[in-house]
Amino acid sequence: MAALCESFTLRGPGPGGGSGPGPGPGLCLEPGPGSDLVLLTERGRAATLFKISDQKPLGCWSVKHGQILTCPVVCNFETHEYIAVHDDKVLRIWKNEDMNLDKAFKATLSADVYRIHSLPQGGALVLFRGGAVRTLDVLLEAPQQEIENLISAEAIRWSGAFMEGQQPVLIFTTEKDRNFFVYVQKPKLGNLHKYKLEQQGSAKPLCFTAHITNQTVTLLCLYSNNSVYQVLIPLQQDTEEEEEKEEEILSKSLLLNLSVSGAVLKGTSLVVLDKDHIAVLGSLPEPGKKPKECLTIWNTKFQTLQTSKELPLGTSGQLWCYEEKFFLIHGKVLTVIMYKCETSSLAAAVGKLKDSQTLDVSSFVNWNTLEDEELVVSFQSQESVALKAEARMSLRSNRSTVAGQSGTLSVGQLLLRLKDASNYVVETELKKLMAKAPTPDLQATIGCVVTALTDRCKRNPKFYPQNLLQEIVETRDLSYSLCPDLMAVALEQKDLHLLQMCLERFPDIPEEITYACLKAFLSVSEDHLKSVDVNLDSAICYVDVELNDMEVKTEILENGFSEEMDQDMCDTKIPKESRSVGESCPVGLQKAALLNAVLHSAYTETFLLPHLKNLPAQQAILFLRYLYYLYVKCSEKVNTTLPGIRSPTINQIMDWMCLLLDAQFTVMVMLPEAKDLLSNLHKFVRAQVRFYSELNKIEGSLRELQRLNHLRESQTYSIEVLEII
Amino acid sequence: MGEFEVHRVRFFGLVPAGVRCLACHPRGTRLALARTDGAVEVYNFAANYFQEKVIPGHEARSVESLCWAAGDRLFGAGLGGDITEYDLSGLSAARGVDGGGGPIWSMVANGTGTQLAIGCEDGSVKIFQVVPGGIQFERNLDRRKGRVLCLSWHPSDTHIVAGSIDFFRVIDVTSGQTVQRIMVNYHMEKAKRECVVWAIALLSSGTVVSADSFGRVQFWDWEQGTLAESHTVSTSAVLSLAVAQKEDSIIVGTSTGATYHLQLLPVRLGGLEKRWVRTKPFQFHSHDVRAVAHSPTALISGGLDAQLVIRPLMEKVQKKSYDAALRKFTFPHRRLVSCARKARLLLFQFSQYLELWRLGSTEETGKDGEVLPLCRMPEHLVQLKSKGPEHIYCSCVSPCGTWLGYSTASRFQLYRVRCDGDGVSLRKVPKVPKLLPPAYQLQFSADSESLFVASTRGSVHVFQLLEPGGCKHLHTLRPPSGCSEAVYLLAPSADGHWLAAVSGDWAIHIYNLKCFKHHCVVPTYDCAVSAIAIHPSTNNLVIAYSDQQLFEFSIPEKQYTSWSRAVQSRGLHRAWLERDSPITHITFNPKNPSHILLHDTYLLCVLDKSLVSGREGWGCRGLLQSLTRAVPAPLPQPLPDDSALLMNQSTLKQLPETARKRQLHAFKICKKFQPLLFMDLLDKNCLVVVERPIMDFKTQLPLPVQQKKFGT
C-alpha cells in the first residue's frame, strides 16, 4: 500500500525560484551531506543547502555575475565538500565553512562537464559531454589532462551512478537522430559498453531511471506513448568485453500503462520507490479544460494506481525523491510531499518478510539525480517509520491542543540521532523514551527504534548496544515483525541471551530464524556457554548438574526406568553406558535453557521441516538426546510436566522429537552412534504407550462408576446404608 | 458405633418463595424480610442470624414494602392497597388500614419513625402518622400522574423523593408541593423505551440516587436538576438500592442476580474531593435481586432465587474471623416435615397444602455406602389442601400415623387418617374446640393420645384425642409469670410426664402433664432456641441454641446435667460453633441412651455423650481433647490448639485404622446428605433424611431474566 501524506513548502517563490526558459530544467536537487539535508541548485547562479524538517536554508553559495553553474552542485559524502562546475569547464570545490565561492578551490578542465555524480563510498565521478568518465581524484591530479570523446554526435540525455560491489558504475543514455543509446561504464576498470535501445514506433523516451540488483541494471524509461518500459542490462564480466564489439540492441518490456480509468496520464518524470512502486508526475487531459497535473503512485505488480494528488498550480515537470519525500516545483514554490510506501506482498502482511527482500528496495530517481543505494534504503526504512510515528503524534497533539512534544525529542529526530550518535547518547535518549508513560503508539515507536538500532548495527558491526537491546526486548512486548532484523543481528553477534529472550517472547519468529537459533545453540561449545549469561529458569529445576559427572552417573542409575525397559534391555544386552542416555542431561545447563527457548517458540511444521533437514548429524543427535532426556524426565512425574518457569511441555517435546526424526531419519538410521539412542527411545515410547493405554482403561472404568453414582444421586428415593464410626 | 439404614428422601418438592423486600432495623440488630408469597420473617443478627419469627403469608396480601417504625414496630404494605402492622409477639398480621390510593408500591418511614409515607398506584404520596395501636392518615402530598414506585425521605424529614416511570420528583413535606421534577430518560437514546425508576434514595447532602431499568445508578443534584454522576452498572435493570446510614456506601441489586457495591471514596488519597466509585461486584444470586439492605456492617441482598445473602463488609470487621464470613440462607430455620415413626409416614408442609407419604422398604442389608434394592416404593398417600387464602403455620402427624393436624392464621384442623389396604381416607375431626388461633406448633404425644398446641402469650393447649375421631380440650398451660410472646417450639417427653415449651422471649418453660402444673424454667441463656427434645429414658431436656451451643437440662433435678456443665466448661470445638445453620431437630436413639441425634441444613450428627462425659480433670480444653483423641486414649496427647480438626465421618473413613482410632471423637458428623431439611430416627437403626437439592428447586423457578412486572 502506498499513500501520499501531508506536504509542506520547502522554499517559497524566491529570486531564483522560477528561472526563465533555458536549455534544461531550472532547478536541480541533490542529497545533502547528511540526512534531512538537500542541496538545491538553481541553474545559473546559486546552490542552497536546506534542512528539510526545519524548512529553512542552512547555507547558500552563488557564483559571480557572468558565471553560470552548468551542472548540479553535489556533495562529496566522504569529505563533506561541495563540488560545482560553472561555465562548463571550471571545477569548484569548497567546504561548509567557506562563504565565498570565488575564493574556493578552482580547477579548469580541458573538456565540458556534463554532470558530477557523488557516491557514498565511491567518491565523485565526473561525466564529460563526450561520454568520458573520470573519478574526481584522478581528475584533480591533472586537471588539464586530455579527455577523449567517446560519443561523436550523440547528446547525453540522462546519467546515473551506482555502486556495484566496491565498484562505481555509471550509466548514461544518449540520443542521436531519434535513436537512443545506453552506455554502461565502470570507471575504475575503464571499460565501456554501448547498447542501442529498441525503437518503440514514434514514441521516444522522456525520462529514465535505473537501479542495480544482482549484477543487473534495471532501466526504466517513460515513453511519450504514456507507457513505462523496463530494460534489463546485465553487467558484463571483464573477460567478455574483448569480444563484444558490435553494438547490442536492448529489448525492453512493457512495465506499466499509465491509464487512469480511460484517460491517459501524460507523464513527465518517473521515480522508482521500491520494487513494486513507481511514482509518475504528469498531466491528465480533461476534455474542454486545461489538463491538470498530478503526482501518482503506481503499483507495477498489480498494475494499479495506488494514489494520486492533484497539483493545480502546475509543475515544472521534474520530480525528485529522497528519504521518502517527493520534491517538486508546485507553482513557484518547492514543495515537499511525504509518502508512505509499504511492500504489498503477502509476506509483508503476515510480517514474515525476509530482510533480504526489504534490502532489495531501492530508489533510483530523476535523470539528473544520483543516489547511493544503501543510503536511500536506510533513509527510506527509517524515515518511513519516523514519518508515520510523527504524523500520528502531530495528529494527536493537534487534537488535544497540548504541545506535549516540547522538551523531549520527537521520534523522527530521535531516529535520526540514533543513526550516528554515540552509544552513551543513544542509551540516554532511549532511557528517556522508555520512561515515558505508555501511549498507544509507543509500541510502534519502540519498534522503529529497534529497527534503527539494528540498521546501524548492520552498517557498523562494532556498534552493538547489547544491554539496551536486551532491556527493550525484556520490557516491551515486541514481536519479530516489528523489528525483523533484530534476531539476525543478534545471531551475527552471537548474543545468545538476547536470542533466548526473543525466542521466549516473540510470537511470530519465522521458521528460518528459529532454525538458525537452534543451530547456533547446538554448535556453541559448553565451555563458551559457561561464561555466557543466560536465563536458566526453564532448566535449572530438572537438569541435575552433579550428575554430569560420568563416573557417578553410571553407578547410581543401575535401576532402569521401568520394569519393562529393564526386561527389554536385558534381552538386547545393551551396554551400560547407553542406558545413561535417557538419564543424565546430555547438554549443560546453559545449553538446556537455550534449547528450551527454541522448544517454546511457535512454528509451522511444513516450514520448519526443510530447515531441520540441514541440521548437521552430530547436532541432530545431540538435540535428539536432549529431547529424549526431557521426555524421560517428563514421564517421571504423574502430571507429565517439568518443574520450573517456561520449562517445555510434553507436547512441545514430543512435537519436536517427531519433527526432528522426520527430518533426519535417514541420516540417523545410517549413523552407528544414533542406533542405541533410537532403540532406547523406541522402547521407552512403547512402554509409555502401553502404560497410557492401561490408564485409559482405568479411566473408562472410573467414568462408568461415576456415571452410576450420578444416576443414583438423581433418584428421588433410596435406602442406603450409613455406618457411623 | 453402628450401621443405619437411611431412607434418603428427595421428593419433598419445596420451592421457597423469592425474597421481595428487606428492611433493616435502624439499630441494625434485626432484619425483616418479606417473600413473594407474602410471608414475613424476622432475622435476629445477634442470635447468629437466626430466623426468629415467621409470619406465614396470605394469598391476598402481597408485601411490596416493609419498614420499621416507632421503635420495634414493623409495617408492611403491598399491592392489596393496605398498610398492615405485624404483631411480632403474636406472629400475626393485624388488620390492615386502607391506604386509599390503590395498590401501594412503596412505603418508607421517616428518620424518627413517626410517619410513614406510601407511594400509590394513582400517583399519590400519602403520609400516615404512627400512633399507638395503629396508624392514622395524616395528609396527601402533591399528586401527579404515574405510579409512585419508590420513595425516600430526606434524613431531616423535610423532603420526600418519589420515583415513577421516566421521572422522579422531589416533594416538600411541609407544603406538600412538588418542588422539582426530573426526567431520567432525558439523556438516553433509547428514550422510546420507558425508564422505570425502581429504587431511589435522598441523601442528606441533597443528592438523589436513582436506580433505573436501564441499568443505571445516577446521582442528581435535585435543586439544580442536574445529573452529577451516572454509573451504568448493568445491562439489565437495577431493581433495588440501599444506602448505608453514613451515606458512604451503596448496594444495588440487578435483574441478572448481580449486586454491586458503590462507595464514596476520595479521588486521591487523603484528598477532600470524593466520588462514587463502583467497587465490588458480587454474583451471589441466580435470579433478580429484588431487595437489598445495608446494615452498618454488612451488605444484605435477597433474590427471587429465595436466597438471603449477608456479606459482612471486610473493612468494618475488626479481624478476619467468623464474623466476616459470608452467610447464605435458603431454607427456613424450622421444621416443615414431620414423621410418624411407627407408621413410617412423612408429612410435608407447603405454603397452602400438605403431602403425606409412606416410605418404601427393603429386605436387604448391606455394607456402608451401599444402596439397597427396594421391595416397596415410597407412596404419595394424600395431598391435603388448606382452604382459604391463608398459608399454613404449622402441621404435624402423630407417631402412630392416624392423626394429622394443621393450623392457619384463623383455623385449626385435625384429621383422622385411616389406611385400609392401599387406600387412604382422611376424615376431619368434627367439633374441634374453638381456641384463639393461630397455633404456632403442633405436637402429638408419643402415645398419640394427646395433642399439644402452641399458642399466643406463652400458652400451650392440651387436647385429648378420642377414638374413633374426637378431641377434647383438657387444659391450657401458661407460664406463671405471664408472657407476651407466642410459643414456637414444643417437646413432650416420651413417658407423657413432661412438656417443654419455648416462647419468643427464648424462655423455656417445663410443665408437668400429670398435674398440669408449671414445673420450672430453664435458666435463661440469651440466645434463640433452635431445637429442643426430651430424652426418653432420662427425661433430660437437650437444648440447641442458634449460636450452636448445646445444653442438657435435667427436668427432674431442675438443673443442668453434669455432662452439660462439663461441655460448657470445656467449650465446644470452634468448627462446631462456626457453623452457620442452626440445629433444627433433635432426636434420640432408645437403644443407645448416650446418643443424641441432631441435624442442621448441612450435617447430621450423632453425639456420643459417653465419649464426652465421665472424665474429670482434663482442664479447660478437655472436650476438645476428647474430640480429637483416640477414645479410649492410651496416651494423652497434648493438642496444638483450636486448629485441631473436627473430622467428619467421610474423612475419618479414609484414614488408616490406627490414625482413625486416634482421631475418633464424640461428634459423629455426617455431611453426606445436603441440604438436609429433616432427619429422624424411625427405629433403632433406621434413619430417614429429607434432602432438597438446590438445583432441584432452582429448575422450578422462573427463568432468571428481568421480571416483566409492568412498564418495562
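B:Pro675 is found in chain B, in the loop between strand β55 (667-670) and strand β56 (676-683), where strands are DSSP runs of E with at least two residues and helices are runs of H or I with at least four, numbered from the N terminus. This is a predicted model, in which local features need a pLDDT of at least 70, side-chain atom pairs count only at pLDDT 80 or more, and totals for chains, interfaces and linings use all residues. Residues are numbered from 1 along each chain as its sequence is written, chains are lettered from A and ligands numbered from 1 in the order in which they are written, and side-chain values use heavy atoms, with hydrogens and water left out.

The peptide bond that joins B:Gln674 to B:Pro675 is cis, with an omega of about -25°. Chain B also has a cis peptide bond between B:Glu467 and B:Pro468, and there omega is about 0°. B:Pro468 belongs to the loop that runs between β42 (460-466) and β43 (470-477) of chain B.

In chain A, the point to look at is phi: A:Arg178 has a positive value of about 60°, although this residue is not a glycine. A:Arg178 lies in the loop between β14 (167-176) and β15 (179-186) of chain A.

These places are worth a second glance because most peptide bonds are trans, and most residues other than glycine have a negative phi.
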